Amino acid sequence: MINLVLFGPPGAGKGTQSEKIIETFGLKHISTGDLFRKHLGEGTELGKKAQSFMDNGKLVPDEVVIGMVEDFLNANTGAKGFIFDGFPRTVAQAEALDQLLSDHNTEIACMVMLDVPQDELKRRLLERGKTSGRADDQNEEKINVRIQEYLNKTLPVAAFYEGQGKASKINGVGTIDSIFEEISSAINAHV
Ligand code: ADP
């Protein structure tokens, strides 16, 4: 199996690049943001637990996220590998993911970090908000909270993977194709 973590702040282009990685490497995509939005839309118990956090740009509590990822992995045991998009977002989530994968006799091969300056992130999120219908993309205050959550709680996850020798940092500003080229090279160097 090849398991990848696509890492970076909100608006870094994780969703866009995930689509290309899936096509090329034949992996199963898991975006915790997309899964939460699906639960919200369906009005499930899990969606109700996540809603207030998402509405305010805060991270959903670890146990809720980890349980959802565990269910997803158990439901997709035949996959060739996974691309984790928007997860893990805390060190506790990263530790839990290592444990879950080791229970399935596998591990993370590589973490790719998309680096994008803050003013560019805000510009992209507000632009996406015009068409995405996502309330959290339409309000500058909420965008600032999401970026703060990233800096406080998510950035330490980069050091976690650096410590394991699995992290590659990539410039997330450029054309979609040129960024994808760099991501592919980083993945190929690790698998
Ligand atoms: P973005 O990366 O653009 O902020 P996502 O679609 O990945 O957006 O996530 C939207 C929201 O879902 C986050 O602001 C957060 O509330 C919640 N969320 C998604 N993934 C996680 C996670 N791994 N841990 C905690 N909360 C999460």
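This is a predicted model: local features need pLDDT of at least 70, side-chain atom pairs count only at pLDDT 80 or more; totals for chains, interfaces and linings use all residues.
Salt bridges were searched for across the whole structure, and 15 were found. Several sit within single helices. In helix α2, which spans residues 32–42, glutamate 42 and lysine 38 are four residues apart. That spacing is about one turn of the helix. Their side chains meet in a salt bridge, with N and O at 3.7 Å. Glutamate 42 has a relative accessibility of 51%. Exposed means over 50%, so glutamate 42 counts as exposed.

Helix α3 covers residues 45–55 and holds both lysine 48 and glutamate 45. These two residues are three apart, again about one turn of the helix. They form a salt bridge in which the closest N and O atoms are 3.7 Å apart. Lysine 48 and glutamate 45 are both exposed.

Lysine 130 counts as exposed, at 65% relative accessibility. Glutamate 127 reaches 43% and therefore counts as partly exposed. Elsewhere, salt bridges with shared partners join Arg128, Arg134, Asp136, Asp137 and Arg146 into one network.

Aromatic rings were examined next. The structure holds five aromatic pairs. One of them joins phenylalanine 7 and tyrosine 150.

Phenylalanine 72 and phenylalanine 82 form another pair, with ring centres 6.3 Å apart. Their planes lie at 65 degrees, so the pair is edge-to-face. Phenylalanine 72 is in helix α4 (residues 62–75), and phenylalanine 82 is in strand β3 (residues 82–85). They are 10 residues apart. Phenylalanine 72 has a relative accessible area of 16%, and phenylalanine 82 has one of 3%. Buried means under 20%, so phenylalanine 72 is buried, and so is phenylalanine 82. Ring pairs also link Phe72, Phe82, Phe84 and Phe87 into a cluster.

Lysine 20 lies over the face of phenylalanine 180, at 5.4 Å from the ring centre.

Methods:
Residues are numbered from 1 along each chain as its sequence is written. Side-chain values use heavy atoms; hydrogens and water are left out. A salt bridge is a side-chain nitrogen of Lys or Arg within 4 Å of a carboxyl oxygen of Asp or Glu. Buried means under 20% relative accessible area, exposed over 50%, partly exposed in between (1.4 Å probe, protein chains only). Rings of Phe, Tyr and Trp (its six-membered ring) pair if their centres lie within 6.5 Å; planes under 30 degrees apart count as stacked, over 60 as edge-to-face and the rest as tilted. A charge sits over a ring if NZ of Lys or CZ of Arg is within 6 Å of the ring centre and within 35 degrees of the ring normal.
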